[in-house]
Every structure is written in C-alpha cells, then in structure tokens.
Amino acid sequence: MSNATTAADPGTIMPATARVGVEIVGVGSALPEGVLTNNDLSAYMDTSDEWITQRTGIRQRRYCDPDKGEGVLSLGRTAMRRALEDAGLDPSELDLLILASVTGETRCPSTSCKIAAELGAVNAGAFDLMAACSGFVYSMNIASALIRTGEHRTIGVIGCDVMSNIVDIADRNNVVLFGDAAGAAVFRATDDTSKGIIASQMCADGRGWADLHLPYAERDMPEGADLCDIRYGRLQMRGREVFKFAVSTFPRLIESTCVQAGIGVDDVALFISHQSNLRILDASRERLGIPEEKLYVNIQDYGNSSAGSVPLCLDEARAKGLYHAGDLVMFVAFGGGLTWTSSLWRV
Ligand code: COA
C-alpha cells in the first residue's frame, strides 16, 4: 500500500490543512416503521416481485406515515440524535449542522434549522444542501474542509430523503426504486493528522438535468416534452439514461479518486456507495475487480433512499464491524443534477 497520509516530518512546515485531522466520531440512522414490499406494489400496479428483484435487486422499501409524524424532520432529528449519542457529545457541542436532502419540509426556514432547534444544538449554524443522491457525500467533503480550516471543530451531517413524498405512486418506472431513510455522522477535529479525507471529488454536469428532475410547473420541463401525463411535484426519470450514466461514472470515479490519492483500488478496505440499483453496483464492482464483501449493499431492504442511503450504509457497516481504525474507506455517490462525488477517508 502506498502511503498517502501526511505525517509531518520533524521541522517541516505543514500547510494549514494538514495540521488538523478529521475523525468520524459518531454515526446513527433512522427508518420509518412502514415496509412496502414488491408484492404490496404488485397488488395495485402492473409489476411483479420477479421483475423488480431481477432489474433492481430491491425486495422492499420503507415509507413514512405522516399521520404518525414521520417525515424528514423526525427521521433526520432521530438519526442525528443517535449519532451524537454514539459520539458521546451534547448537541450544544455542534458548531454546524448540514442537512443533505431534496425533500426538506420547508425552504424557509431550512429544515436543518428546525432540526437544530429540536435537538438543542444552540451553538450550531445550520443549512440544507441539495445535491440529490450525492448530497451526503458532498456534505461530508464540505464538513471536512471546514474543520481543516480550523474555523469549525464539530460538524453534524444528516442525509435524509422522504422519497415517498415525491414519487408518483402510479408510475411503475420509478416508484419501485425509491424509499425513505435517514443517516447521520458527526465529524470532529483531531490532533491525529493521519485521519480524514485523503482524496475527494465533487462533480456535476447540468446538461443531464432532465434525466432525473422534479418539476413543479410547465416551465420546469425540458423543451418539447410531452406534458400530457406529467404530475407536477413528482419525480421524472429517464431510467435507461440514468443507468448508463451511473454504470460508466461509478468505476471512473473510484479509479480517479484512487489515482488522486496515490493508492490502488485494492488498498481500500470498504466501499460505501449510494444504493441505486444492484445491477449498477455489481457491474461496476466487477469491472474494477472489487470483491463482493468490500462493497456494502443493503438495497434489497431499503431501495434507493437518495441522500439517506450512504449514511444508512455507514451506520450498518460500522455496527457490523466492517472497517477498523486506520482503514481506508471510500464513499461514492451519483444522482440528479447530474452529480457525482467521492470521499476517501483514513478512518
Ligand atoms: N414492472 C414491470 N415492468 C416494468 C416496470 C415495472 N416496475 N417498469 C418498467 N417496466 C417495463 C417497461 O414498460 C418496458 O416494457 P416494454 O419493453 O414493453 O416497453 C420494460 O419493462 C423494460 O423497461 P426498461 O425501462 O427498459 O427497463 P430497464 O431494464 O432499463 O430497467 C430501471 C428500468 C428503472 C430499473 C433501470 O433503468 C434503472 O435502474 N435505471 C437507473 C435508475 C436509477 O438508479 N435512478 C436513481 C439514480 S440516483
């Protein structure tokens, strides 16, 4: 393994960014109680468990019940509370809270402000970040960079989406894919400069926006689109285009992040990826020769929960002891925008 960390030689003047390490000190997640299986879906639309499982690997997903008070606010708050408990920190020790979500409950105030208030994170700045399924990984890169400037010490990041609010329940092309979930992590400055991000990328190509978008009015639709069956406020997706984008982007992203860090793909102990479709994950993993046990997969149980999927995987992988202190863990995601992003950590 090549040594991509930046241990200081005695007497060397280190750049400001290398003087602070960043540690993931706590993780947590939260799921709604309601389970929607493939058979539940096939009871009211023309689909089947066999079709969904073969094309996507998904067997069930979680759905919020607003009557039980479930939504972005409650899931995000619970996930962050659990991450803080895991870290042994009081909410007042957070100096910033970022919520990655495209399904936030209000635009003003941001949902993160409400979560901060409900948690008692009285010393935290708060904002929502929108990068669709890439949102949590974008946010962890931003959190790490802010901590490395020395201006922040403890940052909470939540990834949460309630996709059941924006999928068209009558559209079999995309309703089968999505579910609701939240995950969270607390990032903290440490004197151990070997810990933290050693390579990262945040990319976007807005020319592909119409492949996955959420229109609210005619003006939000691509030119020349057939408007007859459009339900505004519901996700529109060109499944095959997104599939092609993801299956080509995923391996390139992993390879280029490894090159940037000066490591080989084999050096990474665990890949934590956005869960979009099992075929996308498998094809990319096989192309790079990554063994099955090194790519965490839980799509069968939760579907694609957008910004919630990466931190939910992180929480499960940590609970299962799939990575250890000192390991290299790579986070990758891609989604609407189009966006794609990576974050390679020495944990
Ligand atoms: N059940 C049964 N049949 C379905 C169906 C469903 N839920 N959804 C679509 N079909 C049908 C189509 O109507 C089509 O029928 P036709 O051949 O008679 O026209 C057939 O199945 C094949 O459709 P197609 O869209 O070509 O299937 P696919 O193999 O591309 O799989 C996706 C569809 C959506 C599963 C796949 O394209 C995909 O996963 N794309 C990426 C989506 C994604 O990851 N989005 C989020 C990114 S963050």
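A132 lies in the loop between β5 (125-129) and α5. In this predicted model, phi of A132 is near 50°. That is a positive value in a residue other than glycine. Two cis peptide bonds were also examined. One runs from C108 to P109, with omega near 5°. P109 is found in the loop between β4 (96-100) and α4 (111-119). Another cis peptide bond joins G337 and L338, and here omega is about -10°. L338 sits in the loop between β13 (328-335) and β14 (339-346).

The protein chain is divided into two parts: domain 1 spans 21-190 and domain 2 spans 196-346. Their centres, taken over C-alpha atoms, are 15 Å apart. Domain 1 gives 53 residues to the contact, and domain 2 gives 47 residues. The size of an interface is often given as the accessible area lost when the parts come together. For domain 1 and domain 2, the buried area is about 3900 Å². Carbon and sulfur atoms account for 61% of this area.

Several elements build the side of domain 1 that touches domain 2. At least two residues each come from the strands β1 (21-30), β3 (60-63), β6 (154-162) and β7 (180-190). The helices α2 (49-56), α5 (135-148) and α6 (172-175) each supply at least two residues as well. Helix α5 provides the largest share of this side, with eight residues. By residue type, the side of domain 1 that touches domain 2 holds 26 nonpolar, 17 polar and ten charged residues.

Charged pairs were then traced. A search of the whole structure finds 13 salt bridges. Two salt bridges cross the interface of domain 1 and domain 2. R231 forms a salt bridge with D168. In this pair, the closest N and O atoms are 2.9 Å apart. D46 forms a salt bridge with R172, and here the closest N and O atoms are 3.5 Å apart. D46 lies in the loop between α1 (38-42) and α2, while R172 lies in helix α6, so the pair ties together parts that are 126 residues apart in sequence.

A backbone N or O atom of R172 lies 3.0 Å from a nitrogen atom of the ligand. In total, 23 residues surround the ligand. The closest are T47, R55, G239, R240 and N277. Polar atoms of two of these residues can be followed to the ligand. N277 uses its side chain instead, with a polar atom 2.6 Å from an oxygen atom of the ligand.

Terms used. Residues numbered from 1 in each chain as written. Predicted model: local features only at pLDDT ≥ 70, side-chain atom pairs only at ≥ 80, totals over all residues. Heavy atoms only, no water. Domains from an automatic or database assignment. Contact = heavy atoms within 4.5 Å. Buried area = accessible area lost by both parts, 1.4 Å probe. Salt bridge = Lys/Arg side-chain N within 4 Å of Asp/Glu carboxyl O. Helix = DSSP H or I, 4+ residues; strand = E, 2+ residues; numbered from the N terminus. Nonpolar A, V, L, I, M, F, W, Y, C, P; charged D, E, K, R; others polar. Near = heavy atom within 4 Å. Polar contact = N/O pair within 3.5 Å; in protein donor to acceptor, adjacent residues only side chain to side chain.
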